[in-house]
Amino acid sequence: MKRKFAYLHGFGSGPTGGKAAKLIEIFKNLHDIDLVVPDLNYPSYSEITITNALKVIDKMDNEKNVTWCIIASSFGAYLATLWTKLNPSRVEKLVLLCPGFRLLEIWSQTLGKDKMQLWEKQGCLEFPDYIQKGKLVPIRYDLIKDFQNYPPSPQVSCPILMFHGNQDETIPIEYSKEYAKENKNVTFLEVADDHRLLRTLDFIDRRAARFLEI
């Protein structure tokens with residue numbers, strides 16, 4: 001069985017984002033691996049939904065006799081666990097970076113009731129697009145309606161190596177700790193970093209390389 005490696009980016013990012021670019025470089029230069037990095041913003045960032053993003057991963061998985069090792073960040077890490085839950089035979093291992101579990105709950109708390117209602121009423125709400133240097137882009141409320149059809153923290157059986165920064169102000173580290181405590185297949189590592197994990201990416205790579213046996 002052939003092994004392939006992919007990276008799934010976070011919300012508001014893309015295949016050309018800083019973390020994606022760094023991981024592509026690390027995997028190629030240190031491990032001689034061509035990392036597959038699909039664009040989850042399908043058909044556009046404004047129209048992103050969980051269902052649409054899953055279709056992108058389905059399209060990526062276009063070879064028989066292949067198993068995936070997926071490295072994924074934040075929103076992408078949520079999608080990685082969800083896609084693995086739906087396609088358990090296709091995934092060998094997961095490396096999750098500050099995974100975006102319970103995102104609907106987080107958005108509701110962060111934005112507040114009034115802004116969530118405004119989002120629903122207007123049909124869209126502006127979020128930064130970090131690929132376009134933080135330019136505000138209207139995101140359709142379809143994302144929220146679609147999200148409600150999926151579990152907040154998908155449970156999977158494959159081995160997971162999880163990293164979470166103890167200075168993360170986007171996704172509470174407690175959510176990752178709870179997930180790891182509830183799932184014996186998870187190895188959890190807390191690192192001194194923020195949500196982006198750029199300061200500890202070299203350490204993460206060393207631990208991930210051992211975990212992935214590359």
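## Where H4 meets H5

In this predicted model, Trp107, Ser108 and Leu111 of helix H4 meet Lys113, Lys115, Met116 and Trp119 of helix H5, where contact means heavy atoms within 4.5 Å. By class, this contact has four nonpolar, one polar and two charged residues; Ala, Val, Leu, Ile, Met, Phe, Trp, Tyr, Cys and Pro count as nonpolar, Asp, Glu, Lys and Arg as charged, and the others, Gly among them, as polar.

H4 (residues 103-111) and H5 (residues 113-122) pack at an angle of about 110°, with their axes 6 Å apart. That makes H4 roughly perpendicular to H5, a term for angles of 65 to 115 degrees. Axes are lines fitted to C-alpha atoms, for helices over the stretch in contact, and angles run from 0 to 180 degrees between N-to-C directions. Helices (H or I, at least four residues) and strands (E, at least two) are DSSP runs, numbered from the N terminus.

## How the model is read

Residues are numbered from 1 along each chain as its sequence is written, and side-chain values use heavy atoms, with hydrogens and water left out. Because this is a predicted model, local features need pLDDT of at least 70 and side-chain atom pairs count only at pLDDT 80 or more, while totals for chains, interfaces and linings use all residues.

## The sheet

Five strands form an open sheet in the order E1-E2-E3-E6-E7, with parallel pairing; two strands pair if DSSP finds at least two bridges between them. Strand E1 (2-8) and strand E7 (186-191) stand at the edges, each with a single partner strand, so one side of each is left without a neighbour in the sheet.

Within the sheet, strand E2 (residues 66-73) is joined to strand E3 (residues 91-97) by six bridges, and isoleucine 71 has valine 95 in E3 as its bridge partner. Helix H7 (residues 173-182) packs on the sheet, where it touches strand E6 (160-165) and E7, and its direction makes about 155° with that of E7.

The peptide bond from tyrosine 42 to proline 43 is cis, with omega near -5°, and proline 43 lies in the loop between helix H1 (18-31) and helix H2 (50-60).

Leucine 197, although not a glycine, has a positive phi of about 60°, and this residue is buried, with a relative accessible area of 0%. Glutamate 213 also has a positive phi, near 60°, but counts as exposed at 61% relative accessibility. Buried means under 20% relative accessible area, exposed over 50%, and partly exposed in between (1.4 Å probe, protein chains only).

Conventions:
Angles under 35 degrees count as roughly parallel, over 145 as roughly antiparallel, 65 to 115 as roughly perpendicular and the rest as oblique.
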